[in-house]
Amino acid sequence: MGMSVTISAAGAQDAEQILKLQYLCYQSEAELYGDYSIEPLTQTLEGLRGELATGYALVARLGEEVVASVRGRVDASGTGRIGKLIVHPRMQGHGLGGRLLNAIEAHFAAELAAKRFQLFTGHRSESNLRLYRRHGYAAVARQTVSARLSVITLEKDVAAQEFVASA
């Protein structure tokens, strides 16, 4: 590739690149479920900026380009709620999603005293489910949203995870 991918905290200045990447990455999910009105495709720049201001986000950059991102927050119960893990289609399959997942988990555990991690994905999103299972997540709930979509919630305890500096 020539350049290395770097992972760092996202800031307000990254919002436009993250939103464009999010729109690109969720096209395949929308196609998979036959629903282009999913929240990641309808989120506004203002909404994303609000998320960045109240939560925590990471970006992976190749040079100046944001090629991956993840965001979340730790709630009052100590649960790190992780969402919108996105990797540019041309960068998928190289471990970048796993690196971001490890990095946000490590931040939530060390800086925000998270006790467990939780995330969710659609039931047909096999590559997402494989990634999460490889990283120690187990399904804890399934909710039918529509005839086309069930959402699977996955969790793991912080105690089950050994953190390594990956960012």
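**Salt bridges and their surroundings**

Author: With a relative accessibility of 39%, arginine 49 counts as partly exposed. This is a predicted model. The side chain of arginine 49 meets that of glutamate 16 in a salt bridge, at 3.9 Å from N to O. Glutamate 16 belongs to helix H1 (residues 15–25) and arginine 49 to helix H4 (residues 45–54), so the pair ties together parts that are 33 residues apart in sequence. Glutamate 16 is also partly exposed, at 44% relative accessibility.

The count of salt bridges comes to eight. Another of them joins the side chains of glutamate 51 and arginine 71, at 2.7 Å from N to O. Here the link runs from helix H4, which holds glutamate 51, to strand E3, which holds arginine 71, so it ties together parts that are 20 residues apart in sequence. Glutamate 51 is partly exposed, with a relative accessible area of 29%. Arginine 71 has 4% relative accessibility; because the cut-off for buried is under 20%, arginine 71 counts as buried.

Glutamate 65 is partly exposed, with a relative accessible area of 30%, and arginine 90 is partly exposed at 42% relative accessibility.

E3 pairs with E2 in the antiparallel sense over seven bridges. In that pairing, valine 59 stands opposite serine 69 in E3. The hairpin of E2 and E3 has two residues between the strands, and glycine 63 takes a positive phi near 65 degrees there. E3 also runs antiparallel to E4, with six bridges joining them. Serine 69 stands opposite isoleucine 86 in E4. E3 and E4 form a hairpin with four residues between them, and glycine 78 in the turn has a positive phi of about 90 degrees.

Contacts of isoleucine 82 lead back to arginine 71. Apart from its neighbours within four places in sequence, isoleucine 82 is in contact with residues including Val70, Arg71, Gly72, Leu101, Phe108, Phe117 and Tyr137. In general, nonpolar side chains of soluble globular proteins tend to be buried together. The largest nonpolar core of this model has 29 residues, and Ile82, Leu96, Phe117, Tyr132 and Tyr137 have the most contacts inside it. Strand E3 is among the elements that each supply at least two residues of this core, as are E4, H5 and H6. The largest share, seven residues, comes from H5. A second, separate core has 16 residues, including Ile38, Leu48, Leu52 and Ala57.

How values were computed:
Residues numbered from 1 in each chain as written. Predicted model: local features only at pLDDT ≥ 70, side-chain atom pairs only at ≥ 80, totals over all residues. Heavy atoms only, no water. Core = buried A, V, L, I, M, F, W, Y, C linked by side-chain atoms within 4.5 Å. Buried < 20%, exposed > 50% of the residue type's maximum accessible area, 1.4 Å probe, protein only. Contact = heavy atoms within 4.5 Å. Pairing = 2+ DSSP bridges. Salt bridge = Lys/Arg side-chain N within 4 Å of Asp/Glu carboxyl O.
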